[in-house]
Every structure is written in structure tokens, then in C-alpha cells.
Amino acid sequence: MRILLYQARQNKTGGVETFNYNFCKRLRKYYDITFLCDSADPEQFDKISELVPAYIFDDQYFETDLCVYSSAWGIRPEDHIKAKRYIQMVHADFRGIEEHWNFEYKKTPKTKEHIGGGENIAKTFMDKYGYECKVVHYLLDDEVKIKPVLKLITTSRIAKEKGFKRVVKFAKALKASGRKFNWDIWGDGYDEGYVARVEKALRNVPEVSFRGRGDDLYSYVAQADYSVQLSDTEGWAFSIMESLSVGTPVIATAFPNAYEQIKDGKTGHILPFELFETNLQEDYEKIFKLLSKGLPRGKYD
């Protein structure tokens with residue numbers, strides 16, 4: 001059976017966009033599916049194009065067995081689609097949509113069936129418009145692979161001597177490795193221009209979050225897999241003391257005091273300064289594999 005799935009605009013993010021992607025991915029094994037939209041975010045359009053034939057509407061004519069309108073707004077080019085059945089998906093609580101967007105649903109002449117993703121959607125739609133609406137729950141992607149997420153935290157003043165040039169390199173290398181990670185950076189700096197340059201250098205690494213100055217960060221540190229301190233030099237680092245006191249191992253550069261505070265390979269990992277000079281991804285990969293093994297948790301002496 002041939003199915004034409006139509007969307008007015010395939011946006012960059014959204015539940016309807018997820019529905020369209022999963023619909024094409026799951027059902028293409030059983031049906032001949034074509035995706036059509038009036039406009040689309042290029043990345044989203046490319047993703048669906050890898051699954052099924054996809055087109056931007058430009059007055060073409062289509063013939064199919066089943067036409068499914070995924071959007072209930074914008075144009076629905078019914079005069080250019082010849083089908084045996086026309087189904088309108090109802091993705092939203094239209095009572096709420098009306099309140100926020102002043103939206104009013106208008107059925108196309110050939111639409112005879114309505115399908116909603118949940119009981120409340122169907123009920124509110126029927127109450128408001130009087131059309132019967134069946135409930136069919138959405139499909140999920142059945143090929144999702146769950147990967148471990150490395151949780152990093154840095155509690156530090158943002159300054160040159162604190163090694164933020166290395167933070168940038170380390171974060172970019174982590175990103176390039178394809179690993180999942182979150183890196184929260186708590187702190188501010190006296191040199192606002194330097195802070196801005198560091199943030200700009202990491203603007204394409206959304207896994208890194210600059211949280212600003214914070215007090216009583218023990219709870220956040222305790223939830224991290226590692227605390228990271230890549231400084232040029234440190235005295236007796238409070239960030240290391242605090243991390244180890246709540247059982248969080250530390251990743252640090254090889255400044256002298258790191259060897260006093262950290263038992264390398266037991267309560268943390270001490271990284272040579274040379275690692276950040278070579279810029280070779282394979283050198284970072286050795287460290288990432290080491291980190292993925294983890295270290296025993298518990299309050300360190």
C-alpha cells in the first residue's frame with residue numbers, strides 16, 4: 001500500500017517532527033511511504049530523505065492509496081493529492097491551542113477520518129468540532145541505542161592559569177569522539193573578556209554548560225563522574241578536596257600538588273601537560289577509554 005505523509009512545515013524540533021520521522025522509519029518496512037511538506041528545516045528534511053522519498057511541495061501532483069495529514073494548519077494541497085482515503089492526524093489538545101494561538105481547525109473536503117495520539121486529544125477534539133476521532137498511540141523509534149553519559153563538573157574561577165585553554169581542547173576532543181557527556185562549569189572570572197572568549201570557543205559544544213557562580217556545590221559535585229581541574233598550577237586545591245570528600249574522583253593536570261592530593265589511578269587521573277600540546281585525537285582516546293572504566297566511589301581520605 002502507498003502512503004503519502006504530508007506536513008505543512010517540518011521544523012527543526014518538535015513532537016510532530018518526531019512523529020513524522022518515527023512513522024517513516026517504522027512503517028517503511030511494510031508500506032511504500034512518501035513524505036511531502038510545504039517547507040522544512042534542511043537537517044530534518046535530510047533525515048527523512050534518508051528513509052523514504054521526500055519532496056518539497058511545488059505544485060506537483062501525487063497519487064496514493066492513503067493520504068495522512070500530519071499537520072492541521074497551513075496549506076494541505078488536497079487538489080494535488082489523489083487518494084482513496086484521507087486521514088487527519090490530531091496531535092494537540094485543540095482547546096489549549098485555541099487559547100494560546102487563536103487556532104481554529106478547518107477540515108479539508110475529502111478528509112473523512114481523524115486520529116489522535118491520546119484519549120484527551122480525541123475527546124477534546126470531538127467535543128469542540130463534533131468529528132469522530134479514533135485513538136492510535138504514537139510509534140517510538142525501535143532502534144534506539146542507549147549510551148553511557150559521562151558527567152563532568154568543574155568548580156573554578158575562569159582564568160588562564162586555571163587551564164581553560166585545555167578545557168576547550170578536552171571538550172572538543174570528547175565531542176569529536178562521539179561520546180555522550182555533560183560538563184557543567186561553575187564559576188566566573190575577573191576578566192570578562194577572557195570568560196567570553198572561552199564561552200565562544202565552546203559555542204559548538206552544547207554539552208558544556210556555563211552555570212555561573214554558585215555556592216554550596218557539594219551536591220552537584222557528588223552527582224558527577226569526575227571533577228575536572230586542568231590548571232597550570234594550584235596550591236592546595238579546594239576543588240580537589242571537596243570532590244574527594246564526597247567520593248567524586250578528579251581529573252587533573254600534572255601540577256605538583258595534584259600528586260599530593262590525588263592517588264593517580266585510584267582517586268583520580270593525573271594527565272600530563274604534553275597531552276594538550278599534541279592535539280592528536282588518538283592520545284585523547286586513550287584517556288577517554290580510561291575514564292569510561294570509572295573508579296571506585298566512596299568518601300576518599
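Author: Helix α5 (residues 164–176) packs against helix α6 (residues 192–201) at an angle of about 10°, with the axes 10 Å apart. The model is a predicted one, in which local features need pLDDT of at least 70 and side-chain atom pairs count only at pLDDT 80 or more, while totals for chains, interfaces and linings use all residues. Residues are numbered from 1 along each chain as its sequence is written, and side-chain values use heavy atoms, with hydrogens and water left out.

Reader: What makes α5 and α6 roughly parallel, and how are the axes defined?

Author: Axes are lines fitted to C-alpha atoms, for helices over the stretch in contact, and angles run from 0 to 180 degrees between N-to-C directions. Angles under 35 degrees count as roughly parallel, over 145 as roughly antiparallel, 65 to 115 as roughly perpendicular and the rest as oblique; the angle here is about 10°, and therefore α5 is roughly parallel to α6. The helices themselves are DSSP runs of H or I with at least four residues, strands being E runs of at least two, numbered from the N terminus.

Reader: Which residues make the contact between α5 and α6?

Author: Phe164, Lys165, Val168 and Lys172 of α5 meet Tyr194, Val198 and Ala201 of α6, where contact means heavy atoms within 4.5 Å. By class this contact has five nonpolar, no polar and two charged residues, given that Ala, Val, Leu, Ile, Met, Phe, Trp, Tyr, Cys and Pro count as nonpolar, Asp, Glu, Lys and Arg as charged, and the others, Gly among them, as polar.

Reader: Why is the aromatic pair of Tyr284 and Phe288 called stacked, whereas that of Phe19 and Phe23 is called tilted?

Author: Rings of Phe, Tyr and Trp (its six-membered ring) pair if their centres lie within 6.5 Å, and planes under 30 degrees apart count as stacked, over 60 as edge-to-face and the rest as tilted; by this rule there are 20 aromatic pairs. Phe19 and Phe23 lie 5.7 Å centre to centre with 40° between the planes, which makes the pair tilted. Tyr284 and Phe288 lie 6.2 Å centre to centre with 20° between the planes, which makes that pair stacked. Tyr284 and Phe288 are four residues apart in helix α11 (residues 281–293), so about one helical turn separates them.

Reader: How do you know that Tyr284 is buried?

Author: Buried means under 20% relative accessible area, exposed over 50% and partly exposed in between (1.4 Å probe, protein chains only); Tyr284 has 2% and is therefore buried, and Phe288, also at 2%, counts as buried.

Reader: Why is Lys47 said to sit over the ring of Tyr21?

Author: A charge sits over a ring if NZ of Lys or CZ of Arg is within 6 Å of the ring centre and within 35 degrees of the ring normal. The charged end of Lys47 is 4.5 Å from the centre of the Tyr21 ring, and that of Lys128 sits over the Tyr129 ring at 5.3 Å from its centre.

Reader: What makes the phi of Asp216 worth a remark?

Author: Most residues other than glycine have a negative phi. Asp216 has a positive phi, near 50°, and is found in the loop between β12 (208–212) and α7 (218–223); at 62% relative accessibility, Asp216 counts as exposed. Asp59, likewise not a glycine, has a positive phi of about 65° and is in the loop between β3 (54–56) and β4 (62–63).
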